[in-house]
Amino acid sequence: MDAAQNGTDGENIRELRKLLGWTQFDLSRATDLDRSRLSLAENGHVTLRPDELRLIEEAVRLGTEQRSAQLESLLIAVEGNPRKGQQP
């Protein structure tokens with residue numbers, strides 16, 4: 001992977017992490033990757049290995065599912081009923 005591609009990966013990781021409301025520490029805990037390595041990757045200084053990228057992908061996927069479930073629970077609490085299968 002060249003430097004330009006690496007910078008793009010790092011920027012994407014940072015953007016996804018922030019969309020989830022996670023710090024680098026949170027992502028580090030979710031992936032068991034060192035926080036300083038994540039920082040270096042986000043800033044384009046290192047290239048993450050494919051196995052590291054898969055760990056990040058899985059953590060983001062699970063984090064997104066968790067966030068979605070939290071939002072659904074909030075909607076149910078506010079509206080008083082579930083949205084799934086709801087008739088208009």
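Reply: **Salt bridges and their surroundings**

Of the 88 residues in the protein, 27% are buried, where buried means under 20% relative accessible area, exposed means over 50%, and partly exposed is in between, using a 1.4 Å probe and counting protein chains only. What you see is a predicted model, in which local features need pLDDT of at least 70 and side-chain atom pairs count only at pLDDT 80 or more, while totals for chains, interfaces and linings use all residues. Residues are numbered from 1 along each chain as its sequence is written, and side-chain values use heavy atoms, with hydrogens and water left out.

Let's get our bearings. The protein has four helices and zero strands, and its elements run α-α-α-α from the N terminus on. Here helices (H or I, at least four residues) and strands (E, at least two) are DSSP runs, numbered from the N terminus.

Now to your topic. Side chains of opposite charge can pair when their charged atoms come close. The cut-off for a salt bridge is a side-chain nitrogen of Lys or Arg within 4 Å of a carboxyl oxygen of Asp or Glu. Counted by this rule, there are seven salt bridges.

Start with the one that joins the side chains of Arg-17 and Glu-42, at 2.7 Å from N to O. Arg-17 belongs to helix α1 (residues 3-19) and Glu-42 to helix α3 (residues 35-42), so this pair ties together parts that are 25 residues apart in sequence. Arg-17 is buried because its relative accessible area is 8%. Glu-42 is buried too, with a value of 3%.

Setting aside neighbours within four places in sequence, Gln-24 is in contact (heavy atoms within 4.5 Å) with Arg-17, Arg-35, Leu-38, Ser-39 and Glu-42.

Next comes the salt bridge between the side chains of Arg-37 and Glu-52, at 2.6 Å from N to O. This pair links distant parts of the chain, with Arg-37 in helix α3 and Glu-52 in helix α4, 15 residues apart. Arg-37 is partly exposed because its relative accessibility is 25%, whereas Glu-52 is buried at 3%. These two also take part in a network of salt bridges that links Arg-37, Arg-49, Asp-51 and Glu-52.

Arg-61 pairs with Glu-58, and their closest N and O atoms are 2.5 Å apart. The two are three residues apart in helix α4, so about one helical turn separates them. Arg-61 is partly exposed, with a relative accessibility of 37%, and Glu-58 is partly exposed, with a relative accessible area of 37%.

Helix α4 also packs against helix α2, at an angle of about 105° with axes 9 Å apart. Axes are lines fitted to C-alpha atoms, for helices over the stretch in contact, and angles run from 0 to 180 degrees between N-to-C directions. That makes α2 roughly perpendicular to α4, because 65 to 115 degrees counts as roughly perpendicular, under 35 as roughly parallel, over 145 as roughly antiparallel and the rest as oblique. Leu-27, Ala-30 and Thr-31 of α2 make the contact with Leu-55, Ile-56 and Ala-59 of α4.

Asp-32 is exposed, as its relative accessible area is 71%. Most residues other than glycine have a negative phi, and most peptide bonds are trans. Asp-32 is not a glycine, yet its phi is positive, at about 65°.
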